[in-house]
Amino acid sequence: MKPICLVIGAGAGIGGNVARRFAQEGYHACLCRRSDEAGLTSMVEAIEKENGSASGFLLNAVEDGSIEERVAAIEADIGPIEVVVYNLGAQIGDRALADTSYKAFEMGWRLGTFGLFRTASAVCPAMEARGKGTILVTSATAAVRGNGGQHSHAAAMGGRRMLCQTLNAEFSSKGIHVAHIIIDGAVDAPDTLGKMLGPERFQQLRETRGLEHDGLLLPTEIAETYFYLAQQHRSAWTFEMDMRAFSDKPWWNH
Ligand SMILES: NC(=O)c1ccc[n+]([C@@H]2O[C@H](COP(=O)([O-])OP(=O)(O)OC[C@H]3O[C@@H](n4cnc5c(N)ncnc54)[C@H](OP(=O)(O)O)[C@@H]3O)[C@@H](O)[C@H]2O)c1
C-alpha cells in the first residue's frame, strides 16, 4: 500500500506541486481544493500521466465537518495518511481596521488557524497510534510580522504559528513531525496571487520579477523542500524554516 500525502488547499501553486512531488516519489496524493473542479481534475491527470497515483476532492474547509469527514474517508477507503500538508492561506488583501468586518476577521481565523486545529484533531490520533506522521504547514510573512492592513491575516497566521509550536510540543515525542514553513515572498501561484491581482497585473509581475528573473518563489522548487522536510531523520527535525527568492529582502530587513 502506498503512503498517503493529503494536501488541503491544492491549487496550481504550492499545494498542487507538493502533491505532485510526493506522487513522483511513490506516495498516493490526495488533493483537496474548494471550488475549481476542472483545475482539480487536470492536476490529478497530470500526476497520473507521470505514472503517479492521486485522488482529487472538492472540499470547503470552512464548512463544519468537511475536513474531519474527508480525513476519515481517506483513512477508511484509501489508507493511512502519512503526510498532511495544510496549505490554506487567509489573505484577503490589505484592509484598514474600518474595512475589516467581524466576518472577514473571523474568516481569516477559520482558514488560517481553526482549519489547522481541526486538521490536527482529525489526523493526530491515528498518527499517534502508528507512532509516525508528518504535518507540513505552509505559512506566510504575516505569521511573524503584523503590518498595515493585515489585521485578519496576521492574527490568523500568527495564531497558526503558535498552534504549530503547541502541536509540536505535544506530538513530536510521539513521532509526529510538525513543520511551520514561512513563505516570505510572492509565489508564482495563478490560483491565489494570480486571482488576487487579476490576469494583467499578475502577468506583469511575472514578466518583471518572475520567469527568468527568478524573483517569484517557484512552487516546483518549494515542493522540493517540502519533500525533503518529510524525509528528515527524527534525530534532526526542522520545526521552522523560511523561504524567499534571492532578490527579496527578508521580513526582518524591511
Ligand atoms: N501565493 C503567494 O504569493 C503566497 C505568499 C506567501 C504565503 N503563501 C501561502 O501559501 C499557501 C497557499 O499556496 P499558494 O498560494 O501556492 O496556493 P495554491 O496551492 O495554488 O492554491 C491554494 C488553494 O486553496 C484552495 N482554497 C482556498 N480556500 C479554500 C477553502 N475554504 N477550502 C478548501 N480549499 C480552499 C483554493 O482552491 P480553489 O481555487 O478551488 O478555490 C486554492 O486553489 C497559503 O498558506 C499562503 O499563506 C502564499
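Q: Which residues come nearest to the ligand?
A: This is a predicted model. Of the 30 residues around the ligand, Gly13, Ile14, Gly15, Ser35 and Thr192 come nearest.

Q: What does the side chain of Thr192 do there?
A: A polar atom of the Thr192 side chain sits 2.6 Å from a ligand oxygen.

Q: And what about backbone atoms, say from Ala12?
A: Ala12 has a polar backbone atom 3.3 Å from an oxygen of the ligand. With Leu59, a polar backbone atom is 3.3 Å from a ligand nitrogen.

Q: OK, switching to helices. At what angle do α1 and α8 cross?
A: Roughly 55°, with the axes of α1 (residues 14-24) and α8 (residues 219-231) coming within 8 Å. That makes α1 oblique to α8.

Q: Is that crossing left-handed or right-handed?
A: The α1/α8 crossing is right-handed. On the α1 side the contact uses Ile14, Asn17, Val18, Arg21 and Phe22, and on the α8 side the residues include Ile222, Tyr226 and Phe227.

Q: How do the residues of that contact divide up?
A: For α1 with α8, there are nine nonpolar, three polar and two charged.

Q: How about α3 and α4, what's the angle?
A: The axes of α3 (residues 66-77) and α4 (residues 102-130) cross at roughly 25° and come within 8 Å. Angles under 35 degrees count as roughly parallel, so α3 and α4 are roughly parallel to each other.

Q: Which residues of α3 make the contact?
A: Ser66, Ile67, Glu68, Val71 and Glu75 from α3, meeting α4 residues that include Arg118 and Arg130. The residues of the α3/α4 contact divide into five nonpolar, three polar and four charged.

Terms used. Residues numbered from 1 in each chain as written. Predicted model: local features only at pLDDT ≥ 70, side-chain atom pairs only at ≥ 80, totals over all residues. Heavy atoms only, no water. Axes fitted to C-alpha atoms, helices over the stretch in contact; angles between N-to-C directions. Helix = DSSP H or I, 4+ residues; strand = E, 2+ residues; numbered from the N terminus. Parallel < 35°, antiparallel > 145°, perpendicular 65-115°, else oblique. Left-handed = near helix turned anticlockwise from the far one by under 90°. Contact = heavy atoms within 4.5 Å. Nonpolar A, V, L, I, M, F, W, Y, C, P; charged D, E, K, R; others polar. Near = heavy atom within 4 Å. Polar contact = N/O pair within 3.5 Å; in protein donor to acceptor, adjacent residues only side chain to side chain.
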